Amino acid sequence: MKELILGEIARRLGGELLGDPDIRIHGIRGLDEAQEGQISFVASSRFLQLAEKSQAAALIVSPAHRHIENNLVVVENPYLAYARCAALFAPSEEPTPGISKLAHIGENCRLGRDISIFPMVFVGDEVELDDGVTLYPHVYVGHNSVIGEQSVLHPGVVLYPHTRIGRRVIVHAGTVIGSDGFGYVMDEENHAFKIPQTGCVRIDDDVEIGALNAIDRASMGRTWIQEGVKTDNLIQIGHNCVIGAHSLIIAQVGISGSARIGRHVVLAGQTGVAQHVTIGDNTIVGGRGGVSKNLPPKGTFSGTPIMPHTKWRQCQVIFARLPEMRKKIRELEDKIAQLEGKIS
Amino acid sequence: MKELILGEIARRLGGELLGDPDIRIHGIRGLDEAQEGQISFVASSRFLQLAEKSQAAALIVSPAHRHIENNLVVVENPYLAYARCAALFAPSEEPTPGISKLAHIGENCRLGRDISIFPMVFVGDEVELDDGVTLYPHVYVGHNSVIGEQSVLHPGVVLYPHTRIGRRVIVHAGTVIGSDGFGYVMDEENHAFKIPQTGCVRIDDDVEIGALNAIDRASMGRTWIQEGVKTDNLIQIGHNCVIGAHSLIIAQVGISGSARIGRHVVLAGQTGVAQHVTIGDNTIVGGRGGVSKNLPPKGTFSGTPIMPHTKWRQCQVIFARLPEMRKKIRELEDKIAQLEGKIS
Amino acid sequence: MKELILGEIARRLGGELLGDPDIRIHGIRGLDEAQEGQISFVASSRFLQLAEKSQAAALIVSPAHRHIENNLVVVENPYLAYARCAALFAPSEEPTPGISKLAHIGENCRLGRDISIFPMVFVGDEVELDDGVTLYPHVYVGHNSVIGEQSVLHPGVVLYPHTRIGRRVIVHAGTVIGSDGFGYVMDEENHAFKIPQTGCVRIDDDVEIGALNAIDRASMGRTWIQEGVKTDNLIQIGHNCVIGAHSLIIAQVGISGSARIGRHVVLAGQTGVAQHVTIGDNTIVGGRGGVSKNLPPKGTFSGTPIMPHTKWRQCQVIFARLPEMRKKIRELEDKIAQLEGKIS
């Protein structure tokens, strides 16, 4: 169990300490769970009452809450500081470096220092693994792939040949990177003729890919996941897509081939993006959006057809009242018929 | 090939036998497929004609159908009895117990009796496997996990460390349990900072998980799948979700973080559930429902926005008639304009 | 690097050569990327300007474009010819045949010639592998399965026992074939009682299955993917489905149990098909269609409820104008009230 004194925690979070710097802290919990020796945090004023009753030994708070009676670490963004503090106490799961004799390492590979390769890993020929890479059991790394330093591939991840993974990338279990894109052309008998998928996938630094993603290789050129992108689970990314830096892709989103997603974009769960569509930087698409046309930057969109989110909320409300609307129209018809009767 | 006499089948199904108890039965088939030596079943009156023509050697029927001319096993619920009877004849696929020398077993594991561990399985340190557990090839069991008696993990299943699996649980191939939840907080540069996911996943007794599910570990505490839950394929269950006992989750459903699904709930295919939403016991959500708010118990809901199923059906019908409705409104406009002309 | 003279390319594509037959070609690229020694193609008149400026050493064109000043290969369908030409230059990734000593091969297997079995593959008992089959690392082939000649299973593919795969089939990484269908019947305590899934999956010749598909075995009989079908990634196919020959199933589609999809059908991304539904030959369902009823052949359908595509487009347009429609109805109400006031 890790233990830090409160003064050290304040220093590491870049916060102001109000209280006893020598208290020993060994963990972080929610306001209602934290006990002696544990720190907690006040993410917003909504939690003020809970905070005042909390048994926590110390609290991470914003400047607005510096009056709470407890040992305090005052920071601008308590939720961010919570995440950083939790990282201090998170159990370190890094395996001892070493290359299992039960792993297969291909020919002409270039392996850096402090690499961990678990049993039953398969590494193809001409692969480059930089310092500190971890490959968990049943990982497959196709030939001529490159994995940057400190990257971690969880169990069962598959990299097809010629995949390029940057530094500090995390790929969760069961994800497939570099499978053939869905590219066919109809032949004379109306049978699908396969277009060779000869491109690759490139994933930049500090990306985290969830479990069971399918990211297809490009037909020519590359499918490109830019730095800092985070994807949730069960996501489809088609061939030749570009996902701009620092975008967030939530669970079960499907992005068709050659779509270009901007930087700092958020695609909420179960959204679909049509092929060749462009989404501008900083745009948010709400859950299950159907993006069938280009979207400008800095917008918030929802629905099928995709439209500004506020308008979509109106449409949704009215959709649920369609039966009343139909009734109303019938009443108007009746009234008009009566009026027509009276006048003619 | 297994074989049972009809009297024994009636006894095991708790049914009344009408006919020859000594007929030998070696299998169960549909009414139109069953032949000599095979039993079939009449699930409802719709199948009465088929039943009367069936070549089956015997039929499982409800009391309402005890007049059919054949050897009969009369039970309250013929469909349930069919399932039980099929289980009697199902080929037993249980492997011979034994621990392959081509598997990796970590240190300080506690292994029960009659365990089957296939080649290329990886079991981490400090794992507990109870009696009769089966681990198929390429299964990964992270350290400090526990698997209850008679549970079966099909090929390629991944359990991240600290996962707890109950008794008689079946997990189908490729499913990932315990990957990190999608938890980030934006830092000063608007980059996603990872919130450590230090919780775990707990799966209770008699759960069956389909293929290629992604079930995330909790950020703190646990993600909890309660007893008797059955999930289909390609399902997403976010961090800190609770899925109540005996609920059924159909294919491609996505459940966002911290959602609480009640007991005996049914979520039909491709449904999405927003984060922190609660669904009451015994509630049914129709295919592709978009559950963005809490739902009460014992209801039937559909659509986006989610609404009572009967109302949703009305809205659907009207949606398909929107072009007519618009035409109607234009006609009313014209008529009113005419009326206004006549009056003024 | 492969190299062919232009005359040979024209011959292999069955095209007419206009220009120098002896130019050496070593690759194919897009019109704006192709350089000396590379061939490109003009898929339609839209690309005519690009074609005239292209640095490509030769162009594949349709008869309508035989006037372009370059070395030309004239064919009926330049896009199809491009795919065929790309196949000529695609790097051949076929592994050297051989059976790794680190693979597990069961008892009583029948293995053809020129088979490649990579390390960490598991092949169960009584399996039949025909000539030229390739099993990449971490593939699992359950007992009594059959795989036809020249078929390729990419890393981590799982075939449950008794699966039948045809010839020249490609299955991409992580796909699960033959897991139990979602079949339960409620027992006296309203708990789900498992119906034994004793059928199998059959996949015919020249099928390509994408990554992370889940294709369930039949409850009885078989789930059947007919010849030439192509599926994208993350697709669910329920028990007892039939997918007709040469149909295309795009990413994240879910097909419920016992659905019958015709021949040459296209199901676009994220479509859902209800159980027991039939879709006629040559029918197209647009993205995220909700197919809850039978569809005739040769139609194009979209939406939920599913409807003819042209009608759905109208409905979509009106849906986005529901706020205006509601306003219009309120105006009509006011006008009618005024008229009523004037008349009475």
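**Ground rules.** I number residues from 1 along each chain as its sequence is written, and I letter chains from A and number ligands from 1 in the order in which they are written. In this predicted model, local features need pLDDT of at least 70 and side-chain atom pairs count only at pLDDT 80 or more, while totals for chains, interfaces and linings use all residues.

**Entry: chain A against chain B.** I looked up contacts first (two residues are in contact if their C-beta atoms, placed from the backbone, lie within 7 Å). Here 54 residues of chain A meet 52 residues of chain B. On the chain A side, helix H3 (78–89), helix H4 (309–319) and helix H5 (322–343) are the elements that give two or more residues. I take helices (H or I, at least four residues) and strands (E, at least two) as DSSP runs, numbered from the N terminus. H5(A) gives the most, with 10 residues. By class, this side of chain A has 29 nonpolar, 16 polar and nine charged residues. For the classes, Ala, Val, Leu, Ile, Met, Phe, Trp, Tyr, Cys and Pro count as nonpolar, Asp, Glu, Lys and Arg as charged, and the others, Gly among them, as polar.

**Entry: chain C against chain B.** Chain C puts 51 residues into this contact, and chain B puts in 54 residues. Elements of chain C that each supply at least two residues include strand E21 (176–179), strand E22 (184–186) and strand E23 (192–194). The largest share, nine residues, comes from H5(C). I sorted this side of chain C into 29 nonpolar, 16 polar and six charged residues.

**Entry: a sheet in chain B.** I found five strands in an open, mixed sheet, in the order E2-E7-E6-E5-E4. Strand E2 (16–18) and strand E4 (27–28) of chain B stand at the edges with a single partner strand each, so one side of each has no neighbour in the sheet. Two strands pair if DSSP finds at least two bridges between them. E4(B) and strand E5 (residues 38–41) of chain B pair in the parallel sense over two bridges. Gly27(B) has Gln38(B) in E5(B) as its bridge partner.

**Entry: domains of chain A.** The assignment gives domain 1 (4–89), domain 2 (98–311) and domain 3 (318–343). Such bounds come from an automatic or database domain assignment. The C-alpha centres of domain 1 and domain 2 of chain A lie 37 Å apart.
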